[in-house]
Amino acid sequence: MHMLDILASDTHTASFEFFPPKENGWDQLFGEITEREALTPSFVSVTYGAGGGTRQRTNALVMRLKAETSLD
């Protein structure tokens, strides 16, 4: 969903930002994401590290969010 559509449709918005974890943090992160998903945020964002150092992990996290959650 486009950001303008989200802001136009919700009178109150809340969001969360996630940073892609290193190798061993995925299970813990997804436990946190599951808890926050229950709060029905308007959207979430994923941090893209400076210089592109986390590009592959950022993409993997976005793909997993789309596949395994209802979050925009």
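A residue is called buried here if its relative accessible area is under 20%, and exposed if that area is over 50%. The model is predicted, and the values below are computed from it.

In helix 3 (residues 55-68), the residues Thr58, Leu61 and Leu65 are buried. These three cover an arc of only 65 degrees around the axis, and therefore lie on the same side of helix 3. The buried residues of helix 3 pack against strand 1, helix 2 and strand 2, whereas the face turned away from the buried side carries the exposed residues Arg55, Gln56, Met63, Lys66, Ala67 and Glu68. As for its length, helix 3 has 14 residues, which at 1.5 Å a residue should span 20 Å, and this agrees with the 20 Å between its end C-alpha atoms.

| Element | Residues |
|---|---|
| Strand 1 | residues 15-18 |
| Strand 2 | residues 43-46 |

Strand 1 and strand 2 run parallel and are joined by 4 bridges, with phenylalanine 16 standing opposite valine 44 in strand 2.

The loop between helix 2 and strand 2 holds threonine 40, whose phi is near 45 degrees, a positive value in a residue other than glycine. Is threonine 40 buried or exposed? With a relative accessible area of 62%, threonine 40 is exposed, because the cut-off for that class is over 50%.

Note on methods:
Residues are numbered from 1 along each chain as its sequence is written. This is a predicted model: local features need pLDDT of at least 70, side-chain atom pairs count only at pLDDT 80 or more; totals for chains, interfaces and linings use all residues. Side-chain values use heavy atoms; hydrogens and water are left out. Two strands pair if DSSP finds at least two bridges between them. Helices (H or I, at least four residues) and strands (E, at least two) are DSSP runs, numbered from the N terminus. Buried means under 20% relative accessible area, exposed over 50%, partly exposed in between (1.4 Å probe, protein chains only). The expected span of a helix is 1.5 Å times one less than its number of residues. The arc is that of the directions from the helix axis to the C-beta atoms. Contact means heavy atoms within 4.5 Å.
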